[in-house]
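Here is a friendly walk through one protein model, from its inside to its charged pairs. Take a look at the sequence and structure first.

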Amino acid sequence: MDAAAMTLRLLDGEPKGSQSKLAGENQTLDGAGAFRRHGDRGSRYERRLVDLDRPRHRGASRLRLLRHPRHSRVRVRVRVRVRVCVKLDDDLCLMCDNVEYRNVVYKAERLLAEAASYGAQLVVFPEAFVGGYPRGSDFGVVIGGRTAKGREDFRRYHASAIDVPGPEVNRLAAMAGKYKVFLVMGVIERDGYTLYCTVLSFDSQGCYLGKHRKLMPTALERVIWGFGDGSTIPVYETPIGKIGAAICWENRMPLLRMAMYAKGVEIYCAPTADARQVWQASMTHIALEGGCFVLSANQFCRRKDYPPPPEYSFSGDEDMDPESVVCAGGSVIISPLGNILAGPNYDGEALISADLDLGDIARAKFDFDVVGHYSRPEVLSLHVWDHPAPSVSFASEVEKSDVSHK
């Protein structure tokens, strides 16, 4: 699997001789991407968008993003690194019995440390990084029946998930604070005996910001994951911009996207498990529709990255070669004007570099502001139920809540 992140640097002015030269659009770089704040010769912020997944370091030049004080002319240049695929390995355990989910968090911390060493400020990990994406597994399900092995597989998958909040969340928060990075982490969340595909967000001070639960799992995912509700569709306002995320095919839900656009999302993260070419069309459409930068990070993995059979079986293909590619990647960065800035990459683990101009957001919305001048609320409107929707509500709890609000 892979992780993603972005880096930008905002300065009040450009020091003499500070112009940066990019080392090229396609580079390899060891380590993970991240966001970290820096003070450099009067700088206000430093942002960095990096998508994680590249082989070895060949060298990368630093980018300066220039911005004048409020109400003055804005000049912005940004270096975007995308690590397209973070490879699954033995550290990433699928369906493991160890409640500590073995070494996956140690791996995450190692990637965070690498990211911080490159001066990154935001780290975005892929869908289900903690807990694992059970690609190819059917959990023994057929219409009208389940197998004993499938039930045991679910028990083990449930054991490898995490509670939110919980000790694992506290540890992830501590990691974000330790390396002074904003962290967006894909996890499998355990709520009682129901699992959710969830994204957790943390700030660079080590505070847990909140979560987004996948609203609509796809196909067989609905057998193992529950459905999120409208209370977990956050867009966070940060020094690096307004950041939101939607997971895999829920990105194709137009009303969900409208809710995110209405919240002002500027950096739209779209971790996915879809490596097909048609996914690129969806990402371009979202960038144009929302007038936002779209960062889609996908997995690149081979059969050997998963446990061997019979412990872990790919349904319908028990004799798959260990080197067979089971997810081919396709990570991409797209501008609000619909231009492909980097990728899509299908060649394996790679670092994709791009130059972002945040002024493109205003330029794009001059043409089309989907929740602004190009909307017709008197004809078409959306109502979002953004309160929690528990299956059971107790009158005593409702009464206490009413009293507390008086």
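The lining of the largest cavity is made up of 12 nonpolar residues, five polar and one charged. Here Ala, Val, Leu, Ile, Met, Phe, Trp, Tyr, Cys and Pro count as nonpolar, Asp, Glu, Lys and Arg as charged, and the others, Gly among them, as polar. Closest to the centre of this cavity are V184, S201, Y236, I243 and G244, out of 18 lining residues. A cavity is a set of points on a 1 Å grid over the protein atoms alone where a 1.4 Å probe fits but cannot get out, and lining residues have an atom within 4 Å of a point.

This is a predicted model: local features need pLDDT of at least 70, side-chain atom pairs count only at pLDDT 80 or more, and totals for chains, interfaces and linings use all residues. Residues are numbered from 1 along each chain as its sequence is written, and side-chain values use heavy atoms, with hydrogens and water left out.

Now to the charges. Side chains of opposite charge can pair when their charged atoms come close. The structure holds 19 salt bridges, each a side-chain nitrogen of Lys or Arg within 4 Å of a carboxyl oxygen of Asp or Glu.

D274 is buried at 7% relative accessible area, while R276 is partly exposed at 43%. Buried means under 20%, exposed over 50%, and partly exposed in between (1.4 Å probe, protein chains only).

How values were computed
On a 1 Å grid over the protein atoms alone, a cavity is a set of points where a 1.4 Å probe fits but cannot get out, and a pocket is an open set with protein on both sides within 12 Å along at least five of seven lines; lining residues have an atom within 4 Å of a point.
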